[in-house]
Amino acid sequence: MHELSLIANLFEILEEKAAEKEAKRILSVKLQVGLLSGAVPELLKTSFDIYKKDTIAAEAELEIIEVPFKVECNVCQTQMIKDDLVAVCDACGSIDLKTLQGTDLFLLKMDVEI
Ligand SMILES: [Zn+2]
């Protein structure tokens, strides 16, 4: 399951950040998930709940914010939302597009108890 390895990576980051802050517990985690990241939010939650046992985040809640796939045209600088990685600019028809968000996971916020 792809999501389990994503969550394993997330936990490495969480534990590192928690150690930096000398936190006792992680209370909640907010994750931004791109609609084209290939990760299914429900499976991320399930994986998180499996993985968090016996960790500093054992009682943490995972909140997922889903974001659309957003691109900017390198020719005319128009920004637009797309639902496919193969996209064409709505304004000028260029295929020279830059991805702004929507293809990856991003840790937005983590609440801890010190
Ligand atoms: Zn354009």
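Lysine 17 counts as partly exposed because it has 14 C-beta neighbours inside 10 Å, where a residue is called buried if 20 or more other C-beta atoms lie within 10 Å of its own, exposed if 12 or fewer do, and partly exposed in between, with C-beta atoms placed from the backbone. The model is a predicted one, in which local features need pLDDT of at least 70 and side-chain atom pairs count only at pLDDT 80 or more, whereas totals for chains, interfaces and linings use all residues. Residues are numbered from 1 along each chain as its sequence is written.

Taken as a whole, the protein has 2 helices and 6 strands, these being DSSP runs numbered from the N terminus (H or I over at least four residues for helices, E over at least two for strands). Along the sequence they follow the pattern α-β-α-β-β-β-β-β. The radius of gyration is 17 Å, well over the 13 Å that the globule rule gives for 114 residues, so the protein is more spread out than a compact globule; here the radius is taken over C-alpha atoms, and the rule is 2.2 Å times the number of residues to the power 0.38. Along the principal axes, the C-alpha atoms fill a box of roughly 55 × 30 × 15 Å, and 24% of the 114 residues count as buried. Of the contacts between residues at least 6 apart in sequence, 71% join residues at least 24 apart, a contact meaning that the C-beta atoms of two residues, placed from the backbone, lie within 7 Å.

The strands can be followed sheet by sheet. Valine 29 has leucine 62 as its bridge partner in β2 and stands opposite methionine 110 in β6, and isoleucine 26 stands opposite valine 112 in β6.

Within α2 (residues 41–51), Leu44, Ser47 and Phe48 are buried. They cover an arc of only 105° around the axis, which puts them on the same side of α2, the arc being that of the directions from the helix axis to the C-beta atoms. On the other side of α2, Glu42 and Ile50 are exposed, whereas the buried residues of this helix pack against α1 (2–20), β1 (25–34) and β2 (61–67).

The largest nonpolar core has 17 residues, and those with the most contacts inside it are Leu14, Ile26, Val29 and Leu44; such a core is a set of buried Ala, Val, Leu, Ile, Met, Phe, Trp, Tyr and Cys residues joined through C-beta atoms within 7 Å. At least two residues of this core come from each of α1, β1, α2 and β6, with the largest share, 5 residues, supplied by α1. Leaving aside residues up to four places away in sequence, isoleucine 26 touches Leu14, Ala18, Ile56, Ala57, Ala60, Met110 and Val112.

The remaining sheet is also open and has 3 strands, in the order β4-β3-β5, with antiparallel pairing. Its edge strands are β4 (79–82) and β5 (97–101), each of which pairs on one side only, and the twist averages 35° from one strand to the next. Strand β3 (residues 69–73) and β4 pair over 4 bridges in the antiparallel sense, and phenylalanine 69 has lysine 82 as its bridge partner in β4.

How values were computed
Pairing = 2+ DSSP bridges. Axes fitted to C-alpha atoms, helices over the stretch in contact; angles between N-to-C directions.
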